[in-house]
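Please open the model in your viewer and keep the selection tool at hand.

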Amino acid sequence: RAHIIDFEKDASQGKRLLLAEGLFTTQSILVLICKDFPQLDSPLPKGDPSKAEDWKKAGSKIKNEKTRELLRFKFIDFQKSIDTVSQIIP
């Protein structure tokens with residue numbers, strides 16, 4: 001959806017658009033997948049679940065106000081992004 005809107009708007013041409021709703025770690029993805037899809041818990045690595053929230057300590061911030069202004073739609077949140085796993089599991 002973002003790509004189509006970007007192609008259609010002259011104002012976004014030549015600009016880099018940050019399409020992230022928020023920060024996360026690969027560990028936070030893994031923890032959520034294991035929680036929401038228990039059938040995948042066994043084959044997936046465990047990592048260190050205590051580090052799932054480490055992104056909150058990161059010094060970087062996502063500043064995508066310009067992207068939101070240009071695209072004018074609600075981004076998919078982290079939980080919904082992880083729910084797409086259901087499309088690839090049998």
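**First stop: Thr67 and its surroundings**

Select Thr67 and display its contacts: leaving aside residues up to four places away in sequence, Thr67 touches Leu17, Leu18, Leu19, Arg72 and Phe75. Please note that the model is a predicted one. Colour residues 65-71 next; this is helix H3, and Thr67 lies in it. Is Thr67 buried or exposed? The relative accessible area of Thr67 is 4%, and buried means under 20%, so Thr67 is classed as buried.

**Second stop: Arg72**

Now select Arg72, one of the residues that Thr67 touches. Arg72 is found in the loop between H3 and H4. Arg72 has a relative accessibility of 66%; the term exposed applies over 50%, and therefore Arg72 counts as exposed. Inspect the backbone here as well: phi of Arg72 is near 55 degrees, which is a positive value in a residue other than glycine.

Which residues of its lining are the closest to its centre? Select Leu19, Glu21, Phe75, Ile76 and Ser81, which are the closest among the 19 lining residues.

Next, colour helix H1 (2-8) and helix H4 (78-83): each supplies at least two residues of the pocket lining. Finally, colour the lining by class, to show 10 nonpolar, four polar and five charged residues.

Key. Residues are numbered from 1 along each chain as its sequence is written. This is a predicted model: local features need pLDDT of at least 70, side-chain atom pairs count only at pLDDT 80 or more; totals for chains, interfaces and linings use all residues. Side-chain values use heavy atoms; hydrogens and water are left out. On a 1 Å grid over the protein atoms alone, a cavity is a set of points where a 1.4 Å probe fits but cannot get out, and a pocket is an open set with protein on both sides within 12 Å along at least five of seven lines; lining residues have an atom within 4 Å of a point. Helices (H or I, at least four residues) and strands (E, at least two) are DSSP runs, numbered from the N terminus. Ala, Val, Leu, Ile, Met, Phe, Trp, Tyr, Cys and Pro count as nonpolar, Asp, Glu, Lys and Arg as charged, and the others, Gly among them, as polar. Buried means under 20% relative accessible area, exposed over 50%, partly exposed in between (1.4 Å probe, protein chains only). Contact means heavy atoms within 4.5 Å.
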